[in-house]
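The following note concerns the ligand site and the domain arrangement.

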Amino acid sequence: MTRAIQRVGILTGGGDCPGLNAVIRAVTKSLVHHGQCAVLGIQDGFEGLMAETPLVQPLDWERVSGILHTGGTMLGTSNSANPLRDAATLARVARNVRALALDVVVAIGGDGTMSLAHGVSQATGIHCVGVPKTIDNDIAHCERSFGFDTAVTTATEAIRRVESTASSHHRVMIVETMGRHSGWLALESGLAGAADVILLPEIDYDVQAVAVHCRAREARQRYTIICIGEGAKARGGALTVREHVAGSPDPVRLGGVGHVLRLQLQPLLSSEVRTTVLGHVQRGGDPTPFDRVLATRFGHHAAELVLARRFGEMVTFSGARITSVPIARVANVQRVVTPDHELVTMARDIGVCLGDAPA
Ligand code: F6P
């Protein structure tokens with residue numbers, strides 16, 4: 001007979017994201033409510049399992065109370081830990097999981113964490129259940145990850161705020177969002193913030209086309225708001241890389257294309273051009289009510305997968321339902337905006353310039 005699940009580890013990997021604490025709380029409360037499991041929080045993502053002595057803390061009902069609405073992760077995280085970096089590290093991870101007698105590790109993270117969880121499972125036989133998190137909304141087979149709604153809300157508010165300066169000074173204001181190589185964050189916050197130009201990583205922009213749009217607005221509305229995703233680039237141009245993080249499974253950090261665009265546009269326009277890079281404020285702060293509920297649903301479903309011994313699965317949101325997919329199918333894949341996506345088509349139809357041709 002298969003042994004019942006007794007000990008469950010939880011870790012959060014990759015960048016922090018609003019809603020992580022809500023997932024930790026829901027997984028823990030669901031398992032404690034079930035009545036037979038001990039839950040251990042693993043500190044700082046995979047780093048907590050890579051250490052000589054594993055870094056863990058027991059989680060119970062009291063420990064996870066009062067964290068539903070809080071940003072960040074109570075367990076700490078790391079986006080440079082790589083348990084697959086060499087055989088010795090992998091062996092230490094396997095030894096630690098055995099020493100802690102964990103039946104399964106619930107890994108909450110983005111596509112990087114899912115790839116690591118998959119790799120560790122394949123190499124060591126450690127059981128994993130995945131929970132997708134990202135403000136980028138770029139995890140394959142998951143239509144909406146928690147954190148995204150909060151980031152869209154923050155970015156939208158920022159876009160609305162720069163409009164005061166844009167209209168008062170008759171300027172072109174560029175707002176750069178995060179999102180890596182996916183344009184979901186730029187697209188949804190640009191639409192919600194009524195940006196006049198939205199530039200996505202998936203559609204290389206033509207500087208002349210953007211300038212034509214801005215000049216037409218100079219003559220009528222006298223100001224323009226541009227929302228650009230950090231992974232966007234000019235036609236024939238290169239990505240704007242902020243830094244390389246040595247040792248990280250995903251070493252390239254993007255950022256700064258808003259400044260590049262300003263330098264490209266300024267000589268072509270009469271209005272002054274200014275750039276605001278939103279950066280980490282998009283990841284910070286309390287999750288929205290939508291994200292609190294979505295994260296709680298994800299955590300609850302992860303606990304159900306654990307108890308049903310459905311290892312190797314990642315919780316997902318698809319067709320307005322919480323369900324799951326094999327982690328193997330999401331590892332190393334990114335969900336990007338397709339050029340014929342309904343939101344892209346709609347944006348064009350309502351006169352938003354997407355940078356590829358005059359609207
Ligand atoms: O994946 C989340 C994210 O915030 C991206 O949007 C961004 O490119 C990246 O993480 C930034 O990473 P870091 O915090 O390491 O600079």
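1. A polar contact is here a pair of N or O atoms within 3.5 Å. The model is a predicted one, and the distances should be read accordingly.

2. For Asp136 the separation is 2.7 Å, and for Asn79 the corresponding value is 3.1 Å. Taken alone, the ligand exposes 400 Å², of which the protein buries 86%.

3. The residues around the ligand comprise Asn79, Ile135, Asp136, Met178, Gly179, Arg180, Glu230, Arg242, Arg253, His280 and Arg283. By class, this shell contains six charged, three polar and two nonpolar residues. The ligand takes up the space of the largest pocket.

4. How is the protein divided into domains? Domain 1 covers 7-146 + 285-330, while domain 2 covers 152-283 + 338-349.

5. The centres of domain 1 and domain 2, taken over C-alpha atoms, are 32 Å apart. Contact between the domains involves 17 residues of domain 1 and 15 residues of domain 2.

6. Which domains supply the shell around the ligand? Both domain 1 and domain 2 do, with at least three residues drawn from each.

Conventions: Residues are numbered from 1 along each chain as its sequence is written. This is a predicted model: local features need pLDDT of at least 70, side-chain atom pairs count only at pLDDT 80 or more; totals for chains, interfaces and linings use all residues. Side-chain values use heavy atoms; hydrogens and water are left out. A residue is near a molecule or strand if one of its heavy atoms lies within 4 Å of it. A polar contact is a pair of N or O atoms within 3.5 Å; within protein, one must be able to donate a hydrogen and the other to accept it, and residues adjacent in sequence count only if both atoms are side-chain atoms. Accessible areas come from the Shrake-Rupley method with a 1.4 Å probe; for residues, only the protein chains shown count as cover. On a 1 Å grid over the protein atoms alone, a cavity is a set of points where a 1.4 Å probe fits but cannot get out, and a pocket is an open set with protein on both sides within 12 Å along at least five of seven lines; lining residues have an atom within 4 Å of a point. A molecule sits in a cavity or pocket if more than half of its atoms lie within 2 Å of its grid points. Ala, Val, Leu, Ile, Met, Phe, Trp, Tyr, Cys and Pro count as nonpolar, Asp, Glu, Lys and Arg as charged, and the others, Gly among them, as polar. Domain bounds come from an automatic or database domain assignment. Contact means heavy atoms within 4.5 Å.
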